[in-house]
Amino acid sequence: MNREVAEVRVVCTRTGSLPAGGVVLSLASDEAGRLWAGTGAGLFHQDEFAWRPVLRGFPRRDAPVIAVRHRMILAGGYDAVLVRSADRGRTWQRCAIPPQITAITSLALSPSFVQDGVALAGTETHGILRSVDGGRSWKLANFGLRNFQVNALAVAPHWQRKEPVFAALEQGVYYSPNAGRAWQPAGLVDEAVLCLAVSPNYWQDGLVAAGTAEGSVHISRNQGRSWAVCKPVSDEEHPINCLLFLSNHTLMAGTGAGEIFTSVDAGVSWALLAVLPGAILTLAEIDGIILAGAGARGLFRSPDLGSTWEQDDTFVARQVHSLAVNSEQPLAVGGMREGVWLSEDGGISWQEAHSPDGEAINPLALSWEGQDLLAACGPEVIRLGAKRANFEDASWGGEVISLAQSSSGVWAGAADGSLWRKPSPDKAWIRTHSPCRGAVIAIYGSAATALESTMLVVSRAESEARLEFWRSEDLGDHWELLRVESTTHPAVRCAYLDRRWYLALGSIILVQSQDGWQRIRISGDDAPVLSLLALPGVGLIAATADRLFFSSDVITWSGLPCEMTQDGIVDLKLVSLDDHRAQVVGLTSNGCVFQLAIVLS
Amino acid sequence: MHKPAVITYPESVVRLKKGFDQLADLVACTYGPTRGVVLYQDTLKPQPEVLTDAATMVRRVTSLGESSMDVGAMMMRNLVWRVRERVGDGGATSAILAQAIFDQALRVCLAGAHAVEVQQGLRIGAEHALRTLQSLKQPVKDESDLEAIARSVTGDDELAFMLGEIFGILGASGHVLIEEYAAPYLEREYVDGGRWRAALVSPHLMNSPEAHTTGLDHCQVALYEGNLTEIEEVAPLLEFAIRCDPPHLLLVAQKISEDALNLIVTTHLKSKLKIAAVSLERVGELGAGDFEDLAALTGARIFSAKFDRGFRSVRAGNLGSARRVEADLQYLQVSGGAGDLIEIQERIRQLQQRVVSLGGNQSDLEEMQMRLGRMAGSMAVLKIGAHTAAERSALKTKAGQGIKAIQAALQDGVLAGGGSAFLRCIPELKKLTSGSSGLTADQTAGVRALAISLEAPFRRLLANAHIPSSGLILAQVQQGNPDTVFDVIHKKLSAAHPAGILDAYRVLAIALETAVSGAAMALGTEVLILKRKPRVSYEP
């Protein structure tokens, strides 16, 4: 039974953040000159002081491709979701796209988008989508395409009676004379074309540039009718990831090895400008400043047309999602594409951890086991000890995607539905009886309440879009099906409080009562719950993308003031709890760590 | 009994010519880019109709008020309409030529030449002129040529641009479907693959109910030429298709109903097999053609009610496949069919041969063109929108003409426009009249009459543009290279391709052939017999 809590006061303190960085795949500015960045960690915009993730109402986790024109922003990504905002990111709507689309790889807007509402989206496997209503609805427009893997799209700077669009495909360049209604092969059929750039003076000089995976740049001087391969950009055959015509007509090329080249004579000769510490994934010129996304190292700026570059220290777009806390050990955070980072000083400074073979560790889940940190990285589980790292020795049935600590040891769940347990650090992993038919996506143990032996595993059968929640009251010897939910929602969070499990699915918290399951919505804006934390004997804390809530009875929820909500809270962990105070450490979507002191009275 | 009026030569020809000329003069004012507009007031309609093309104009004229003139008018009417039906354009050109030929040849005949020999001379001259046109024609260079052709036919820049673009993309085998559009502008849509008139057999099969459509990727294709009603007829197919990866099935039949439909819907809703089941709208020979095309494009075998009694004997290799199918309540669209490419090419070749052999049979020709388009995967929908229904209707007519003219140009090439191609034929005809050609004097007179008449379209163009001294300009064009034309808009000599002043070879050739044939027939008229209407008596 929770005790009576008359008042909850919160003191939120930002401790620090991971080093500047993040994968930037597209950059743009809106009518007010505000910068937007599409990253693997979501959509970011620059305010007066820093880069902020777009959270409120933004129905996506990643947004690597964006297109911005005036007040309109379109964003798409790998999970086949395309969203639009007509008010500079204040509100977002999901666009209607055909159900078979798997991933959006590129976006392009008509030069007169405000008038004609024409937008195009390249997809990974299904060709090109076209919208004529400002991005609200999309249809496939593949007439003439012979290949359907689209890498990039580029439109002519303004459209006359002809409305030229170029598409870079896995096999060649295609040209549409009519705003994407129909396509014609435009050459380079044997090349995997990764990027395109159309000259700002296209109608006069007819210049179009195409960069290939083989490291060559091809130039067309007659509006895409024929192509000539340029003199090799560099001796190494690094892929040309992006091309940009600057306003002074200089052509700039970014390679997979971090090199930036320029050509002042439309590709006849090239000069190496700079080498940045990551693959150049995007280049943009905004208000005379050149911006470059350099691999996972974030954003770089050049105020002098590429002669000198400096990293934007305010840009932190790390796609981290897991926080592992152990009172006697460093803070650990990790993300699928961002590595594992450790902080000895409570989150002020960070060092990246590496696997036994020196590679970055990209964990799906983290868990402490005594003094060692375990990182589940799909096919491997890596143990990070104080002195060295090891691969865990076990014959995992499938990719390990979940980890949890319980009073009976550490548990691991695999994609094939198998469950593994390690009773103590010196014992081997044991495959245990598993009730799951689908991937074990989460395991919740009772480590916080060591006297209890309850456990919960969540499994998802992808083909059935069904979640199963299995409960064990005897540390995994017997399992009971607690709940089945039909949902495809990716965010599933659970917490154990007062001998009950609480299941957060999207914006709903399911609570088991005597009358069955109750569905409780904690806020009116349908924002999914990204973190659910039990304060034993006190209540629950829930974080949505941009708000923090507390409830002592799980029925009524009240908002808690916390400035870190503007960066999007993705994980909360309880550090300590006494009669008057709870100490919580939190992680935001862009890699900031903060302390939350909750004073109870 | 009322006696018919009998009018004999030369009065018969003179009267016939009056009607011939009257309609030709009417039509001639629509010739060229500076064409005039003719208003037609139907007593049953409140607003006059705007007539801009020769063929529609002559269709509105059913009588000139005097029966002896009507004979000539109806001959001209028929002549103009025939040209328009065959090639979509050239009605006015043909009328101007026919009028001039008749005029020149009649003058010779009235002076004592034998009409039959003059007719022979006209035909010999026409053969030589056609040969010259043939030698001058050039293939279409790019879509700006196509746009020029369409502009010369429709006189509408926007429509011409769109038609030029469509055929630039689709090529000669392209098929264009004209549809009315609610918005007040023109739009075009390109159909990826082939499209058939067909309807989904149940709304439960729609996977996008808000759009009333279903779409499946990488699906198996089963064809059944007949009605499916029993469970046993479809169950083996569904059992087979559910094992495919991915389990997607397009089932096309003439009709699907009763237990077979129930099983299909239940399977679609309850199992992993996703089905798009459609019934084809067209039946009989057209329906059979639809099935044949689907089979060729997708590689499917056609099961039939006659031989197979459903899909009882279905096995691997009987089903075709397609990269994507989409179906709604009106159409089935199949893209990326896995049919044998060589077979498809062969089928396209056969259809092309049939198009050529069909000649003037318009409905068959359009059907073949449509099938050709979908076999080649080159089909577009031109959506005609306008502010008023009358405007929309006029645009639809023009679009149809433009399409025919462009197809003619793509198949047979183009010539310098503005009447200049006919001027290039005159020197050849003059050689014929030199005396060493072996023609009789009257035949030579016929050739000479044709040579003079070939100037008529050019002169009329200048007259319509109110440009004087046509003789001087005519001489300048004749002395220029074969590509020289006179641009009546900018009033200067130009090169045909850059100026976009082009005509389709086939349009000019058919206009000339028809004009010579019409004028020769009129010339040979000896007697007119006019049947009189009986006077109606109201007396008891």
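This is a predicted model: local features need pLDDT of at least 70, side-chain atom pairs count only at pLDDT 80 or more; totals for chains, interfaces and linings use all residues.
Among the contacts in chain A between residues at least 6 apart in sequence, 45% join residues at least 24 apart.

**Chain A as a whole**

- The secondary structure of chain A comprises 2 helices and 56 strands.
- Because its radius of gyration, 26 Å, is close to the 25 Å that the globule rule gives for 601 residues, chain A is as compact as a globular protein of that length.
- The C-alpha trace of chain A spans about 75 × 50 × 45 Å along its principal axes, and 52% of the 601 residues of this chain count as buried.

**Domains of chain B**

- Chain B is divided into domain 1, made up of 5-138 + 416-530, and domain 2, which covers 194-339.
- Between the C-alpha centres of domain 1 of chain B and domain 2 of chain B there is a distance of 54 Å.

**The surroundings of Gln254(B)**

- Gln254(B) belongs to strand β8 of chain B, which runs over residues 248-256.
- Gln254(B) counts as partly exposed because it has 19 C-beta neighbours inside 10 Å, whereas a buried residue would need 20 or more.
- Once neighbours within four places in sequence are left aside, the contacts of Gln254(B) are Glu225(B), Gly226(B), Asn227(B), Ser279(B), Leu280(B), Val283(B) and Gly287(B).
- Glu225(B), one of these contacts, is 29 residues away from Gln254(B) in sequence, while the C-alpha to C-alpha distance between the two is 5.8 Å.

Technical notes. Residues are numbered from 1 along each chain as its sequence is written. Chains are lettered from A and ligands numbered from 1 in the order in which they are written. Domain bounds come from an automatic or database domain assignment. Helices (H or I, at least four residues) and strands (E, at least two) are DSSP runs, numbered from the N terminus. The radius of gyration is taken over C-alpha atoms; the globule rule is 2.2 Å times the number of residues to the power 0.38. A residue is buried if 20 or more other C-beta atoms lie within 10 Å of its own, exposed if 12 or fewer, and partly exposed in between; C-beta atoms are placed from the backbone. Two residues are in contact if their C-beta atoms, placed from the backbone, lie within 7 Å.
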